[in-house]
Amino acid sequence: MEKSLFKKTIIFTLIVFFSCHNKEHNSEKIVDVNYEIIDSNINYPVFLQKLVKFYGKHFKVLDSNNIVWINGDTIELQTNPSKTSNELFNNPDIKDQFNTKYPTGKVIIPKDSCFDPGRIRNEDFFCRMYGYSKDEVYDNLDTLNWMGKQVIKVSKINGCIDSLKKINKEVMLLPDSIKEFLNPSAGCFNFRNIAGTERLSCHSFGIAIDINVKYSNYWRWNKGPYKYRNKIPYNIVEIFEKYGFIWGGNWYYYDTMHFEFRPELI
Ligand SMILES: [Zn+2]
């Protein structure tokens with residue numbers, strides 16, 4: 001579809017949708033949504049605003065419960081609103097990804113075993129944007145010189161590498177004692193499943209980075225009963241969050257070296 005026609009299609013759909021559904025859901029506003037058409041006086045669901053803001057270029061149409069992707073496929077945003085926690089992790093809908101609010105801007109110790117903001121991922125949603133196979137994802141990667149010492153591969157899609165470049169620039173200004181936590185990176189692109197699961201890790205899409213493993217804590221490495229552990233200073237987390245990366249240290253099933261590009265959650 002020609003670019004301006006495509007944009008008009010989304011704009012028109014949003015006007016219709018938001019006009020019809022402005023009483024539903026909560027009313028927090030994201031004022032810098034990229035589409036000039038959105039009436040800032042109308043309340044509309046935050047999760048839809050965020051989908052449009054960060055991923056809208058992949059959609060042809062977005063309505064109350066469907067995304068029509070650029071290739072014409074229609075995917076329901078939510079097929080079943082009452083899933084068990086197992087279903088939420090293993091077979092979530094796109095809307096379920098917004099189930100737990102990510103706690104931006106604060107240090108928390110997750111207490112509830114369901115508190116894993118960002119770990120609910122609809123795999124198909126990510127594959128459609130970043131690639132279904134190792135080769136497909138690879139074609140969308142570019143290189144970044146991490147902290148001036150290490151070449152890593154990161155996805156160009158959705159501005160992920162641009163955000164990581166900004167992070168790279170800012171963390172280089174941190175004192176050496178803190179830089180140590182970031183360098184070397186323990187890995188970025190790696191087409192693989194999450195340990196102990198059949199689900200693709202965000203590393204598969206080139207949108208996640210692990211920092212220095214030496215200072216990391218991972219719940220699976222825990223010996224004995226569950227205990228939350230973290231050594232990563234919050235000023236590192238703050239810089240990543242500023243550019244759309246969530247931190248695995250905010251999860252009950254913590255992975256403190258892990259950061260992934262999920263701007264829709266911040
Ligand atoms: Zn990781």
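Helices (H or I, at least four residues) and strands (E, at least two) in this tour are DSSP runs, numbered from the N terminus. The model is predicted: local features need pLDDT of at least 70, side-chain atom pairs count only at pLDDT 80 or more, and totals for chains, interfaces and linings use all residues. Residue numbers start from 1 along each chain as its sequence is written.

**Whole chain**

Start with everything shown. The protein has eight helices and eight strands. Of its 266 residues, 32% count as buried. Buried is 20 or more other C-beta atoms within 10 Å of a residue's own, exposed is 12 or fewer, and partly exposed lies in between; C-beta atoms are placed from the backbone. Contact is also judged on C-beta atoms placed from the backbone, which must lie within 7 Å. Among contacts between residues at least 6 apart in sequence, 55% join residues at least 24 apart.

**Stop 1: serine 185**

Select serine 185. It sits in the loop between helix H7 (176–179) and strand S6 (208–210). Is serine 185 buried or partly exposed? It is partly exposed, because 19 other C-beta atoms lie within 10 Å. Now show its contacts, skipping neighbours within four places in sequence: Trp146, Gln150, Ile152, Ile209, Asp210 and Ile211. Draw a distance to tryptophan 146.

**Stop 2**

Select strand S4 (residues 141–146) and strand S5 (residues 150–155). They pair in the antiparallel sense over six bridges. Pairing here requires at least two bridges found by DSSP between two strands. Asparagine 145 stands opposite valine 151 in S5. Three residues lie between the strands of this hairpin, and methionine 147 takes a positive phi near 55 degrees.

**Stop 3: the S1-S2-S3 sheet**

Move to the open sheet of three strands, ordered S1-S2-S3 with antiparallel pairing. Strand S1 (59–62) and strand S3 (74–76) stand at the edges; each has a single partner strand, so one side of each is left without a neighbour in the sheet. Neighbouring strands are turned by 25 degrees against each other on average, direction ignored. Strand S2 (residues 66–69) joins S3 through three bridges. Pick valine 68: its bridge partner in S3 is threonine 74.

**Stop 4: the S6-S8-S7 sheet**

Next comes another open sheet, three strands in the order S6-S8-S7, with antiparallel pairing. S6 and strand S7 (245–247) are the edge strands, and each pairs on one side only. S7 and strand S8 (residues 258–261) pair in the antiparallel sense over three bridges. Select tryptophan 247; its bridge partner in S8 is phenylalanine 259.

H8 lies across S7 and S8, running at about 145 degrees to S7. Axes are lines fitted to C-alpha atoms, for helices over the stretch in contact, and angles run from 0 to 180 degrees between N-to-C directions.

**Stop 5: H6 against H8**

How do helix H6 (residues 160–171) and helix H8 (residues 234–242) pack? They pack at an angle of about 150 degrees, with axes 9 Å apart. The two are therefore roughly antiparallel; angles under 35 degrees count as roughly parallel, over 145 as roughly antiparallel, 65 to 115 as roughly perpendicular and the rest as oblique. Show side chains at the meeting point: Ile167, Glu170 and Val171 in H6 meet Ile236, Ile239 and Phe240 in H8.

How values were computed: Contact = placed C-beta atoms within 7 Å.
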